[in-house]
Amino acid sequence: MATVPTYGLRRLNSGRPWMQNFRRSSILSSAIPAIQDSEESQFDSPKPKTQSYFPKRGQTLELVCESLAFKGKGVCKVADTGFVVLCDRALPGERFVGRVTRKKGNYAEVTKVETISPHWDIVDAPCEYAPNCGGCKTQNLSYEAQVRAKEQQVQELVIHVGKFSDKDPEFSSILKPIVPCDIQFHYRNKMEFSFATQKWLPRELLHEKEDGASGYALGLHAPGFFDKVLNVNKCLLQSEPANTVLAAIQECWRDPQFGLSPYDVHSHDGFLKHLVLRTGRDIKTGLPELMVNFVTSSYKPELLKPLVEKISAIPEVVSIVNNINTSVGSTSVGEQEYILHGKSAITEILRGLTFQISANSFFQTNTHQAEVLYKLIEDCAGLRGDGSEIVLDLFCGTGTIGLTLSRRVRHVYGYEVVAQAVSDARRNAKLNSICNATFVEGDLNKIGENFGKDFPKPDVVISDPNRPGMHMKLIKFLLKLKVPRIVYVSCNPATCARDLDYLCHGVVEQNIEGCYKLKSLQPVDMFPHTPHIECVCLLELR
Ligand SMILES: C[S@@+](CC[C@H](N)C(=O)[O-])C[C@H]1O[C@@H](n2cnc3c(N)ncnc32)[C@H](O)[C@@H]1O
């Protein structure tokens, strides 16, 4: 997948009061600026009673977690002062001791030192790695409490960032209850593991530190660290066959006779960078089929041969590819790709259509819940079904949304920045004998005056951007285009709330009026045990 420009609210929103708060803070990485704003906006009210109170770095505080903020951090207030403190992995109701690690504008961050009494809705986390893994942060919170917290976060963002009033009599019917995910484990069809020169161990296990090859790690990043990898032999979020592959590789890759070395993110030496496992389905048998993608720093197929021999014997493995990534960054997308065994792509079935998925193309990560999501999108699109309508599918990836709607419309036009995803979308159209879909490669952050001249005026726009949301150029285009319906699908409720504000209430400082009415906003849980939230929003022209 392409790297997406990290443009942010800063440029889009200058002059907004809540933007001032955003500027003062930097809770999260600058690549996801809207989330900073969203968290900040949640803390603006009530104001700390004592503005001058500020804990010192290294100070320990006894705290109680009140709620979960976006990105899953626990929100606590310091007794007597009301000063806001955020803590990763603190869960609502938990009383704990935290040490102040970072001080920000009007809040601080702490790390948990010790739990005094557990949170409400506690359950046993089934995964042995859950307390330390960066993947699942809320496995020990009951699933009901997880979805409740997500629903609450969306509501707060819609009010504080989107500026929709909960006093509006229609508010409760617009904001729908979250759709939970029926499958809470083994739901991910793609997992990316990283290789590292040293296993990361929690403080209490530091005595188990090993040197040399036995100390190498293959697993998931410790929360917040690009250079610390927790070694994992299985992951409860991925499929069972994917766990068989992971275990087979773990069993042998450190063997000195293979001469394999993990890539060192500091010295930039070493060979193995990532292991990406994707699970699809054989369209004839419906049984799982797997793609194994080794991401390496150079092309040395002879080094991978023993691993390829071992894992190609696993019946579900139908594709082994090698992506060569020579950059010093941590991305898993290669500049070149080589097929080491079997096919170059695997297949998956979604809403009755067949899709080919190659190593670097985007495909919804939870196939089961994608069926639910796409049904919601189709319902929102409100197509007449008489084959007369035009659909514009923005950020179309491999074309999945547009293609699933194509049978009921005159034509689908899809736009996407990643060339490989566009060619997959075209291939997917052919594979399903769909002739009324056109996919175009293009950067929707850089649209010019001519955008919109190559397709007839759409009846419905589907927009499914990734985390930064829509660029102001695209917002302006949509406000001018005035299609009857927009279905906005979002994986980031903070940028979603911002864009809904623009489309409905306008962009005041640019003298642009909004012309849409938010008819419904449906949160969907695609990723149990993680802080991620998906939303499907329906906007109708006023
Ligand atoms: C959340 S995915 C949605 C994909 C697709 N709608 C689906 O459901 O599978 C977002 C897609 O937007 C694409 N994208 C990101 N930035 C883009 C940009 N500036 N212009 C066009 N496409 C972009 C990504 O490559 C990715 O395929």
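Select Arg 485 first, and then Glu 540 in strand S21, which is its bridge partner. The model is predicted; local features need pLDDT of at least 70, side-chain atom pairs count only at pLDDT 80 or more, and totals for chains, interfaces and linings use all residues. Residues are numbered from 1 along each chain as its sequence is written, and side-chain values use heavy atoms, with hydrogens and water left out.

Two strands count as paired if DSSP finds at least two bridges between them. Strands (E, at least two residues) and helices (H or I, at least four residues) are DSSP runs, numbered from the N terminus.

Next select residues 516-524, strand S20, which is joined to S21 by eight bridges and runs antiparallel to it. Within this pairing, Ser 520 stands opposite Leu 538 of S21. Now colour S21 itself, residues 534-541: six of its eight residues are buried. Buried means under 20% relative accessible area, exposed over 50%, and partly exposed in between (1.4 Å probe, protein chains only).

Then go to Lys 482, in the loop between helix H11 (472-481) and S19. The phi of Lys 482 is near 55 degrees, a positive value in a residue other than glycine. Lys 482 counts as partly exposed because its relative accessibility is 40%.

**The domains and the TRAM span**

Colour the chain by domain: domain 1 covers 46-120, domain 2 covers 190-350 and domain 3 covers 366-541. These bounds come from an automatic or database domain assignment.

Select residues 54-114, which UniProt lists as "domain: TRAM" in an unreviewed entry. UniProt positions are given in the numbering used here, feature names are shortened, and annotations may be inferred rather than shown by experiment. The end C-alpha atoms of this span lie 22 Å apart, and the span is 0% helix and 59% strand.

Move to strand S2, residues 73-77, where four of the five residues are buried. Strand S1 (residues 60-68) is joined to S2 by three bridges, in an antiparallel arrangement, and Leu 68 stands opposite Gly 74 of S2. S1 and S2 form a hairpin with four residues between them, and Lys 71 in the turn has a positive phi of about 75 degrees.

On continuing to strand S3 (residues 84-88), the viewer shows five bridges joining S3 to S2, again antiparallel. Here Lys 77 stands opposite Val 84 in S3. S2 and S3 form a hairpin with six residues between them, and Asp 80 in the turn has a positive phi of about 75 degrees.

**Asp 121**

Select Asp 121, in the loop between strand S5 (107-117) and helix H4 (143-160). Its phi is near 60 degrees, a positive value in a residue other than glycine. Asp 121 is partly exposed, with a relative accessible area of 33%.

**The cavity**

The structure holds one cavity of 30 Å³ or more, and the largest cavity has a volume of about 80 Å³. On a 1 Å grid over the protein atoms alone, a cavity is a set of points where a 1.4 Å probe fits but cannot get out, and a pocket is an open set with protein on both sides within 12 Å along at least five of seven lines; lining residues have an atom within 4 Å of a point. Grid points are joined across faces, edges and corners, and a volume is the space filled by probe spheres set on the points.

Select residues of the cavity lining, including Leu 68, Gly 72, Lys 137, Gln 146, Thr 530 and Pro 531. H4 gives the most to this lining, with four residues.

**The second largest pocket**

The second largest pocket has a volume of about 320 Å³. Select Ala 196, Asp 227, Lys 228, Val 229 and Val 265, which lie nearest its centre among 24 lining residues. S6 gives the most to the lining of this pocket, with three residues.

Finally, select Gln 364, Phe 395, Glu 416 and Asp 464, which UniProt lists as "binding site" in an unreviewed entry. Phe 395 is in the loop between strand S15 (390-394) and helix H9 (400-406). Phe 395 counts as buried because its relative accessibility is 18%.
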